[in-house]
Every structure is written in C-alpha cells, then in structure tokens.
Amino acid sequence: MKWEGNRQSDNVEDRRSGGGGRLGGRGIGLGSVVIALVVSYFLGISPMTVLNLLSGGSPELQSQSAPAQKPPANDRMAAFVSTVLADTEDVWKAVFTQSGATYQEPKLVLFRGMTSTACGQGQAAMGPFYCPADRNVYIDLGFYETLKNQLGAPGDFAQAYVIAHEVGHHVQNLMGITSKMEQMRGRVSQTEYNALSVRLELQADCLSGVWANHAQAARQLLEQGDVEEAMNAAARIGDDALQRASAGQVVPDSFTHGTSAQRQRWFDAGLKNGNVKGCDTFSARQL
C-alpha cells in the first residue's frame with residue numbers, strides 16, 4: 001500500500017501513555033488470552049466463556065489516564081493510521097458532496113489498555129471499535145500484532161481495511177442507519193437482532209470497499225497483493241472462522257458480523273462498484 005508521504009489527518013487524538021509505537025511493534029499480549037478477548041469482541045460473548053475453552057491467564061489492562069495529545073512525529077504506526085484516516089476523509093467528503101450532503105469527519109483515538117468513551121469503557125480486548133455517541137473510532141495499535149500473529153492476517157492494507165471498516169460505521173451513523181438499528185433493540189428477539197447486526201457489519205465491509213475503490217481511482221493507492229491482504233483479513237475475522245478456532249463448532253444464530261465468505265463478498269462488492277447504493281445489505285435477499 002502506497003501511503004508514505006501522503007497527507008495525515010489532524011483528527012487523531014493520542015491517549016496513550018509513554019512513547020510511541022512502530023509498524024511491527026509490540027502487540028496487546030500473547031497466546032490464547034488475546035485470541036479469546038478478540039474472539040469475544042467479534043462474537044459478542046463473554047471473554048471468560050472463550051477463556052474456558054483455551055489455556056491462558058488473565059489479561060492485564062492499564063487504565064487510561066494520559067491527557068489527550070497529538071501522536072509523536074516519529075511514531076510510524078500512528079503516522080500510518082493517520083494517513084489512512086486522511087484518505088477516508090478525502091474519499092467520503094467527495095462522495096457526500098456528490099450526493100448534496102456534508103461529510104462530518106470522525107476522530108480517531110489511539111489508546112493503550114483502556115479508555116473512557118461516550119459508549120462506556122473501551123478496552124483493547126474489544127478490538128477496534130466505533131462509538132456512535134461521540135463519533136470516534138478507537139484503536140489500541142497492539143491489535144495489529146494480534147491481527148498478524150494470532151489471527152494470521154498480516155499486511156498494511158489489512159490494517160487499513162480495519163480502519164476503513166470502522167469509518168464505514170461512522171458513515172452509517174451519518175446516514176441514520178445506526179439509529180434505526182438501535183430502535184430495533186428490544187423490539188426483536190436476540191437472534192433477529194443478531195441477524196440485523198450481521199447486515200450492519202457487512203455493509204461496513206462494503207463501505208470499506210467503496211473507500212478502496214475511490215482511493216485507488218484518485219491516488220493509485222493499491223500495490224500488488226493489497227486486495228488479497230484485505231480479503232484474507234475479512235476471512236480471518238468471519239464469525240464462522242473465529243467460532244471454529246475458539247470452540248471447534250459454529251453456531252449461526254449467534255453470528256453478529258457475518259461469515260468469512262460474506263465479509264469477503266461484500267468488501268469485494270464495494271471495491272468493484274464503488275457505489276454506496278450497492279452496499280444495501282438490508283435489502284439483499286442473499287448475503
């Protein structure tokens with residue numbers, strides 16, 4: 001992925017304490033504990049449920065207390081995510097303008113261990129996430145080591161896909177889709193809500209593909225193997241793949257993000273058509 005030397009976003013807040021990181025730096029943790037915590041995020045189940053199926057000890061999370069600031073200039077990993085965020089800003093600003101709307105940029109918050117959000121306490125174990133209440137994307141950069149080493153999805157474009165997916169949730173929020181989802185909470189069964197959640201997540205995958213399509217057309221961002229990196233990442237974090245890895249069995253009714261094949265299919269759909277209208281997963285008869 002061609003990113004060095006490109007514009008970096010100013011909408012990045014660094015809540016990490018201590019020094020900066022680097023691409024290929026230290027991860028959140030090691031072994032089955034990290035896997036269990038990441039799996040618990042993607043499947044929406046208790047980390048302890050997964051930990052009972054795997055060996056390992058208790059995770060150590062440090063409470064976030066450092067004041068907000070900009071990332072240090074020599075932090076390569078922070079520079080990377082700041083550049084990816086800037087590129088999503090350029091793409092979505094243009095897309096919204098074409099439809100007669102105004103794109104409101106989200107903030108990307110870097111943290112380590114734990115941090116406070118308008119959606120409650122955010123933890124590194126949750127993986128990257130978007131909070132609709134404060135319109136912030138949150139990420140502990142150690143997740144990228146987990147993505148590479150524990151989940152088997154290396155590569156800078158795989159990392160960019162993670163950011164683009166969360167920005168996709170921000171786009172959904174601006175479009176009013178997120179609030180409609182919240183209105184359904186409590187009105188339908190848990191199984192039905194899980195099914196709606198799958199469609200929400202697959203749409204975010206598709207929107208990340210839309211970003212990649214426009215970024216490539218405008219700036220020739222992609223290098224050989226980049227699309228394969230993103231597709232591999234989508235496959236590795238499919239509900240079926242994570243459930244099979246953690247418990248050895250698949251429970252479709254508990255899916256909240258979609259299967260590996262579905263996540264790949266919808267990212268690819270956005271990548272190929274570059275059209276938000278082509279990401280209407282809620283009307284799709286087949287996911």
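Cysteine 206 sits in helix H7 (residues 190-219) and cysteine 279 in the segment after helix H10 (260-273), so the bond ties together parts that are 73 residues apart in sequence. The two sulfur atoms are 2.1 Å apart; a disulfide here is a pair of cysteine sulfur atoms within 2.5 Å. Cysteine 206 has 0% relative accessibility and so counts as buried. Cysteine 279, at 1%, also counts as buried. Buried means under 20% relative accessible area, exposed over 50%, and partly exposed in between, with a 1.4 Å probe and protein chains only.

## Model and overall make-up

This is a predicted model, in which local features need pLDDT of at least 70, side-chain atom pairs count only at pLDDT 80 or more, and totals for chains, interfaces and linings use all residues. Residues are numbered from 1 along each chain as its sequence is written, and side-chain values use heavy atoms, with hydrogens and water left out.

The protein has ten helices and six strands. These are DSSP runs numbered from the N terminus: helices are H or I with at least four residues, strands E with at least two. Of the 287 residues, 52% count as buried. Take the contacts between residues at least 6 apart in sequence: 76% of them join residues at least 24 apart. Contact means heavy atoms within 4.5 Å.

How many disulfides does the structure hold? It holds two. Besides the bond between cysteine 206 and cysteine 279, a disulfide joins cysteine 119 to cysteine 131, with an S to S distance of 2.0 Å. The torsion about the S-S bond of cysteine 119 and cysteine 131 is about 90°, so that disulfide is right-handed. Cysteine 119 lies in the loop between strand E3 (114-117) and strand E4 (120-123), and cysteine 131 in strand E5 (residues 129-131), so the pair links parts twelve residues apart in sequence.

Cysteine 119 has 46% relative accessibility and counts as partly exposed. Cysteine 131 has 0% and counts as buried. With the bonded cysteines numbered in sequence order, the pairing is 1-2, 3-4.

## H7 against H10

Axes are lines fitted to C-alpha atoms, for helices over the stretch in contact; angles run from 0 to 180 degrees between N-to-C directions. The crossing is right-handed. A crossing is right-handed if the near helix is turned clockwise from the far one by less than a right angle, and left-handed if anticlockwise.

The H7 side of the contact includes Val198, Leu202, Cys206 and Val210. They are among the residues that meet an H10 set including Arg263, Trp266, Phe267 and Leu271. The residues of this contact divide into nine nonpolar, six polar and three charged. Ala, Val, Leu, Ile, Met, Phe, Trp, Tyr, Cys and Pro count as nonpolar; Asp, Glu, Lys and Arg as charged; the others, Gly among them, as polar.

## Helices packing on H5

Helix H3 (residues 76-98) and helix H5 (residues 156-174) pack at about 40°, their axes 10 Å apart. The two are therefore oblique. Angles under 35 degrees count as roughly parallel, over 145 as roughly antiparallel, 65 to 115 as roughly perpendicular, and the rest as oblique. H3 passes H5 in a right-handed crossing. From H3 the contact includes Phe80, Val84, Trp92 and Phe96; from H5 it includes Asp156, Ile163, Val167 and Leu174. Its residues divide into eleven nonpolar, two polar and one charged.

Helix H4 (residues 143-150) packs on H5 at about 125°, with the axes 11 Å apart. H4 and H5 are therefore oblique. Their crossing is right-handed. Phe143, Tyr144 and Leu147 of H4 meet Ala158, Gln159, Val162 and Ile163 of H5. That contact divides into six nonpolar, one polar and no charged residues. Gln159 and Ile163 of H5 also take part in the contact with H3.

## Positive phi values

Arginine 135 has a phi near 60°, a positive value in a residue other than glycine. Arginine 135 is in the loop between E5 and strand E6 (136-139). At 35% relative accessibility, arginine 135 counts as partly exposed.

Glutamine 220 is not a glycine either, yet its phi is positive, about 50°. Glutamine 220 falls in the loop between H7 and helix H8 (226-236). Its relative accessibility is 42%, so glutamine 220 counts as partly exposed.
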